[in-house]
Amino acid sequence: MPELPEVETIVQQLKKRVVGKKIKSVEIVDPKVVDKKIKKIIPSKVLSAKRRAKSIIVELSGNNFLLIHLRMTGHFHYLPKGRELEPESEQFVVAMFYFNDGSILTHNSIRKFGSIKLFNQEQLEKELSKLGPEPLEISFKEFEGILSKKKRANIKTTLMDQKVIVGIGNIYAQEALYHAKIDPTRKVGELSLAEIKRLYEEMKRILKLAIQKHGTTVENYVHIEGSGGFQKYLTVYFKDRCPKKHLLKKITLGGRGTYYCPQCQK
Ligand SMILES: [Zn+2]
């Protein structure tokens, strides 16, 4: 499932390609994934694209917002004028957006778990109101503050709880904990101030590096220009050994497979 770096990558690419253009028509192939109401607000100008948590928000003219959840396999293809969609992608198209300059943005979904919904600003704010703060914007004081309310939960599940802090899923929680040298099963309340500080810094560093590398492609994730590159930097996620060649342990935490190094992480 795409996490913060993957979604941020796609948002940056959408900004370059579609912000400022006018959508002249839209074809909705699968209304279970893409809200049919979108047809009614077209033609519309794309004013901005941004990310909140693991969602993409595309602002259109006339107080309209598309809220896009990619979930497991949602992705976009951008076709400059005259370019056609590759035949192997065609079967997964759930919507096509046609722009005034002849370019096309397709939204594709293999397993159809994602969604594109239409909201006005008020509805959008309500929809996003339960989310925790952004990890790249939060101060250390705030980070310490939100963790202090989760003392009895384990640290890995807490990092993945979108009401506590957003954008971090199973990949980056494990990677941040490895670099911070913290055992993922530890209770939040047992962590020292120095450990929390280390985690805060490693979490930010790993997320920023992963954005720079355009995310992690281990299963289905693709961004608009291809695959991510952060998989080369993974230390524990789906690995047998840590970078120091210690054998990793695999456990289940909060229902999710979790890898860690019992020697490097205490
Ligand atoms: Zn190790």
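Predicted model: local features only at pLDDT ≥ 70, side-chain atom pairs only at ≥ 80, totals over all residues.
The protein donors are the SG atom of Cys 242, the ND1 atom of His 246, and the SG atoms of Cys 261 and Cys 264, and they lie 2.2 to 2.3 Å from the zinc ion. Along the sequence these donor residues follow the spacing C-x3-H-x14-C-x2-C, and of the cysteines in it, Cys 261 and Cys 264 are buried.

From the metal site we can turn to the sheet. Eight strands form an open sheet with antiparallel pairing, and their order across it is 5-7-6-1-2-3-4-8. At its edges stand strand 5, residues 74–79, and strand 8, residues 115–119, each of which pairs on one side only. On average, neighbouring strands of this sheet are turned by 30 degrees against each other, if direction is ignored.

Although strand 5 is an edge strand, five of its six residues are buried, so strand 5 is largely enclosed by the rest of the structure. Further along the sheet, strand 6 (residues 93–99) and strand 1 (residues 22–28) pair in the antiparallel sense over five bridges, with Ala 95 in strand 6 as the bridge partner of Ile 28. Strand 1 is also joined to strand 2, by two bridges and again antiparallel, and here Lys 22 has Lys 45 as its bridge partner. Strand 2 and strand 3, in turn, pair antiparallel over six bridges, among them one that links Ala 49 with Val 58.

Helix 1, made of residues 4–18, lies across strands 2, 3, 5, 6 and 7, and runs at about 160 degrees to strand 2. From its first C-alpha to its last, helix 1 reaches 21 Å, close to the 21 Å expected for its 15 residues at 1.5 Å a residue. Helix 1 is mostly covered, with 12 of its 15 residues buried, and the buried residues include Leu 4, Val 7, Ile 10, Val 11, Leu 14 and Val 18. Just after helix 1 comes Gly 20, which takes a positive phi of about 95 degrees.

A few places in the backbone deserve a second look. Most residues other than glycine have a negative phi, and most peptide bonds are trans. In the loop between strand 1 and strand 2, where Pro 43 is placed, a cis peptide bond joins Ile 42 and Pro 43, with omega at about 10 degrees. In the hairpin of strand 2 and strand 3, which has two residues between the strands, Ala 53 takes a positive phi near 60 degrees, and because its relative accessibility is 4%, Ala 53 counts as buried. Phe 238, in the loop between helix 7 (193–212) and strand 9 (249–253), also is not a glycine and has a positive phi of about 60 degrees, but Phe 238 is exposed, with a relative accessible area of 58%.

Terms used:
Residues numbered from 1 in each chain as written. Heavy atoms only, no water. Donors = N, O, S within 2.8 Å, 3.2 Å for Na, K, Ca; no water. Buried < 20%, exposed > 50% of the residue type's maximum accessible area, 1.4 Å probe, protein only. Pairing = 2+ DSSP bridges. Helix = DSSP H or I, 4+ residues; strand = E, 2+ residues; numbered from the N terminus. Axes fitted to C-alpha atoms, helices over the stretch in contact; angles between N-to-C directions. Contact = heavy atoms within 4.5 Å. Expected span 1.5 Å × (residues − 1).
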